[in-house]
Amino acid sequence: MPVRINPSILAADFAHLATELDRISSADAVHVDVMDNHFVPNLTFGIPVVERLLQVTELPLDMHLMITDVDRWAPTFAELGVFSVTFHAEATDEPVALARRLRQIGARAGLAIKPGTPVEPYLEVLAEFDQLLVMTVEPGFGGQSFMPETMSKLVAAREVASRSGLDVWLQVDGGINEQTIEVAARAGADTFVAGSSVFGADDAGAQVQLLRQRALEHTHVA
Ligand SMILES: O=C(CO)[C@@H](O)[C@H](O)COP(=O)(O)O
Ligand SMILES: [Co+2]
């Protein structure tokens with residue numbers, strides 16, 4: 001099974017975003033964390049930044065919306081032409097309807113859950129999503145420690161995906177480095193977001209390849 005490494009530009013040098021993206025050309029996508037100071041206590045990027053990113057990189061943009069008003073903004077991001085839009089289950093009462101709207105616009109639809117949110121209610125609608133993001137830290141900040149207790153949610157999602165033959169990508173985000181990526185790969189993740197471990201490395205491209213190799217060595221999914 002392929003694995004995907006999506007570096008998070010939250011850990012990049014914001015004064016040189018275009019050159020930071022050149023450092024990760026071997027990645028599968030660029031993870032873009034959008035925060036609104038309501039859903040999480042932090043503020044980051046909005047539409048104008050994403051429009052410029054689309055102009056300066058060939059890499060697909062993997063949007064992670066940590067915002068309250070997803071019904072308003074998720075379709076707007078999708079309409080810009082990004083690759084995927086992941087919104088939080090905790091931010092909407094109608095996750096399936098929103099996912100359908102995103103797919104109709106042409107973006108991959110992703111559902112994210114915080115560490116304290118159970119995965120079970122979403123397993124029965126997994127087919128409605130292209131990716132499930134199991135947060136491995138509390139959303140809001142980069143540089144936090146991986147929470148191994150979230151792994152049981154991945155195991156459960158992988159079991160349902162395999163049993164139902166679903167091509168849903170299982171993503172982890174937060175505290176992913178060359179050690180924790182092995183734990184997440186063994187639990188069933190196939191898509192790995194890494195911020196500080198990639199952009200904090202002297203050779204970000206080599207770090208992407210190292211993470212990819214570690215994930216491939218520990219994935220058990222056929
Ligand atoms: O969504 C988030 C944080 O809320 C992440 O995407 C972080 O940006 C990951 O950063 P590291 O934990 O890898 O430094
Ligand atoms: Co993120």
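What follows goes from the overall fold to single residues.

Q: Before we start, what kind of model is this, and how are residues and chains labelled?
A: It's a predicted model, where local features need pLDDT of at least 70 and side-chain atom pairs count only at pLDDT 80 or more, while totals for chains, interfaces and linings use all residues. Residues are numbered from 1 along each chain as its sequence is written, and chains are lettered from A and ligands numbered from 1 in the order in which they are written.

Q: How many helices and strands does the protein have?
A: Helices (H or I, at least four residues) and strands (E, at least two) are DSSP runs, numbered from the N terminus. Here you get nine helices and eight strands. The radius of gyration, taken over C-alpha atoms, is compared with a globule rule of 2.2 Å times the number of residues to the power 0.38. That rule gives 17 Å for 222 residues and the protein has 16 Å, so it is as compact as a globular protein of that length. Along the principal axes, the C-alpha trace spans about 45 × 40 × 30 Å.

Q: What share of the residues is buried?
A: A residue is buried if 20 or more other C-beta atoms lie within 10 Å of its own, exposed if 12 or fewer, and partly exposed in between, with C-beta atoms placed from the backbone. In this protein 47% of the 222 residues are buried.

Q: And what about contacts between residues at least 6 apart in sequence?
A: Two residues are in contact if their C-beta atoms, placed from the backbone, lie within 7 Å. Of the contacts between residues at least 6 apart, 63% join residues at least 24 apart.

Q: Which residues come nearest to ligand 1?
A: A residue is near a molecule if its C-beta atom, placed from the backbone, lies within 6 Å of it. There are 23 residues around ligand 1, and Ser8, Leu10, Gly142, Gly195 and Ser196 come nearest. Strand E2 (30-35), strand E3 (61-66), strand E8 (191-194) and helix H8 (196-199) each give two or more residues to that shell. For the classes, Ala, Val, Leu, Ile, Met, Phe, Trp, Tyr, Cys and Pro count as nonpolar, Asp, Glu, Lys and Arg as charged, and the others, Gly among them, as polar. The shell has nine nonpolar, twelve polar and two charged residues.

Q: Which residues does the UniProt record mark as "binding site"?
A: Its positions are given in the numbering used here, feature names are shortened, and annotations may be inferred rather than shown by experiment. In the unreviewed UniProt entry, one "binding site" annotation covers His31, Asp33, His64 and Asp173. They spread over 143 residues of sequence, yet they cluster in space, with a largest C-alpha distance of 10.5 Å. Another "binding site" annotation from that record has residues including Ser8, His64, Asp173 and Gly175.

Q: Where does aspartate 33 sit, and what does it touch?
A: Aspartate 33 is in strand E2 and counts as buried because it has 24 C-beta neighbours inside 10 Å. Leaving out residues up to four places away in sequence, aspartate 33 touches Ser8, Leu10, Thr44, His64 and Met66.

Q: Is aspartate 173 buried or exposed?
A: Aspartate 173 has 27 C-beta neighbours inside 10 Å, so it counts as buried. You'll find aspartate 173 in strand E7 (residues 169-173), and its contacts beyond four places in sequence include His64 and Val193.

Q: And where is serine 8?
A: Serine 8 lies in the loop between strand E1 (4-7) and helix H1 (17-22). Serine 8 is buried because 23 C-beta neighbours are inside 10 Å. Among the residues that serine 8 touches are His31, Asp33 and Gly142.

Q: Last one: what is the phi of asparagine 37?
A: Most residues other than glycine have a negative phi. Asparagine 37 has a positive phi of about 65° although it is not a glycine. Asparagine 37 is in the loop between E2 and helix H2 (47-56), and it counts as partly exposed, with 13 C-beta neighbours inside 10 Å.
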